[in-house]
Amino acid sequence: MEIKSLKSELSTNTYPGRGIVIGKTPDNKKCAIAYFIMGRSVNSRNRIFEENDRGGIRTKAFDESKMVDPHLIIYNPVLKLDGKTIVTNGDQTDTIYDYMKDGNCYRHALLTREYEDDEPNYTPRISAVVKENGDYNMSILKSNMGKPQCVRFFFEYPADAGLGHFLHTYKCDGNPIPSFEGEPTPVDIFSNDIDEFTSMVWENLNEDNKVSLFTRFIDLETGNEETRIINKNK
């Protein structure tokens with residue numbers, strides 16, 4: 001498969017929805033992680049990221065008075081467990097965390113879950129687990145070509161310098177919104193600098209629809225982490 005420009009993949013799609021990027025920096029020293037959320041409705045756009053107490057982040061209403069329905073909106077996108085980083089677009093983060101805590105595999109956790117109950121979109125659940133050595137697993141649970149039947153896909157990747165994979169919920173904007181198709185997209189992890197990486201991702205997300213962005217670089221030798229959070233709502 002061709003390695004795509006992450007910048008181009010972001011800038012040419014007005015509504016990828018929620019997205020996960022996992023990869024390794026060009027210097028072969030760090031794992032790179034990005035997770036972003038977008039929104040079309042007032043309820044979806046009324047959110048921010050903030051740090052939680054389990055090594056990651058949670059979503060939170062920016063203006064509590066405007067929160068209509070927390071269902072599918074409020075969750076922990078990122079959690080840490082025993083050196084592993086879990087990243088997802090919904091409350092399946094906690095499902096994976098709980099199953100792994102009990103000694104099970106992330107696959108076991110996701111076999112108990114399916115796409116979101118937001119007919120007719122049936123928004124996919126996308127997930128990733130990053131290991132301490134930088135290798136990573138990704139998954140998408142989606143409807144069967146728009147039918148209310150769940151199909152599950154699992155992908156396993158070795159960490160490779162300068163390479164990442166991009167998985168997002170929607171192929172593009174639409175009504176209903178078409179689900180992501182195919183394997184996670186191979187993309188370039190172009191920078192060893194988290195601020196440069198973060199700025200590129202944020203600046204190339206659609207200005208009207210972007211809501212929040214989380215990035216993290218993990219030093220694979222020391223385990224030290226650098227984290228950035230950008231919220232459109234301030």
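Tyr122 is found in the loop between helix 4 and strand 7. Helices here are DSSP runs of H or I with at least four residues, strands are runs of E with at least two, and both are numbered from the N terminus. Phi of Tyr122 is near 45°, a positive value in a residue that is not glycine. Tyr122 counts as buried, at 10% relative accessibility. Buried means under 20% relative accessible area, exposed means over 50%, and partly exposed lies in between, with a 1.4 Å probe and protein chains only.

A word on the model itself. It is predicted, so to speak of local features takes a pLDDT of at least 70 and side-chain atom pairs count only at pLDDT 80 or more, while totals for chains, interfaces and linings use all residues. Residues are numbered from 1 along each chain as its sequence is written, and side-chain values use heavy atoms, with hydrogens and water left out.

Now the overall build. The protein has five helices and 13 strands. Its radius of gyration is 16 Å, close to the 17 Å that the globule rule gives for 234 residues, so the protein is as compact as a globular protein of that length. That radius is taken over C-alpha atoms, and the rule is 2.2 Å times the number of residues to the power 0.38. Along the principal axes, the C-alpha atoms fill a box of roughly 45 × 40 × 35 Å. Of the 234 residues, 53% count as buried. The protein exposes about 10,600 Å², and carbon and sulfur atoms supply 44% of it. These areas come from the Shrake-Rupley method with a 1.4 Å probe; for residues, only the protein chains shown count as cover. Among contacts between residues at least 6 apart in sequence, 57% join residues at least 24 apart. A contact means heavy atoms within 4.5 Å.

Six strands form an open sheet in the order 11-10-1-2-12-13, with antiparallel pairing. Strand 11 and strand 13 stand at the edges with a single partner strand each, so one side of each has no neighbour in the sheet. Neighbouring strands are turned by 15° against each other on average, direction ignored. Two strands pair if DSSP finds at least two bridges between them. Strands of a sheet pair through backbone hydrogen bonds, either parallel or antiparallel.

Thr185 counts as buried at 14% relative accessibility. Beyond its neighbours within four places in sequence, Thr185 is in contact with Lys4, Glu9, Gly164, His165, Phe166 and Phe180.

Seven bridges join strand 12 (residues 210-219) to strand 13, and the two run antiparallel. Arg216 has Thr227 in strand 13 as its bridge partner. Helix 5 (residues 194-204) lies across strand 2, strand 12 and strand 13, and runs at about 155° to strand 12. Axes are lines fitted to C-alpha atoms, for helices over the stretch in contact; angles run from 0 to 180 degrees between N-to-C directions.

Charged pairs come next. A salt bridge is a side-chain nitrogen of Lys or Arg within 4 Å of a carboxyl oxygen of Asp or Glu. By this rule the count is 15 salt bridges. Glu226 forms one with Lys30, with the closest N and O atoms 3.7 Å apart. Glu226 lies in strand 13 (residues 225-231) and Lys30 in strand 2 (residues 30-38), so the pair ties together parts that are 196 residues apart in sequence. Glu226 is partly exposed, at 33% relative accessible area. Lys30, Asp195, Glu226 and Arg228 are linked in a network of salt bridges.

Another pair is Asp91 and Arg125, whose side chains meet in a salt bridge of 3.4 Å, N to O. Asp91 is in the loop between strand 6 (84-88) and helix 3 (92-101), and Arg125 is in strand 7 (residues 125-130), 34 residues apart. Asp91 is partly exposed at 38%, whereas Arg125 is buried at 6%.

Finally, some backbone details. A cis peptide bond joins Glu119 and Pro120, with omega about 10°. Pro120 is found in the loop between helix 4 (106-110) and strand 7. A cis peptide bond also joins Asn175 and Pro176, with omega about 0°. Pro176 is in the loop between strand 10 (163-168) and strand 11.
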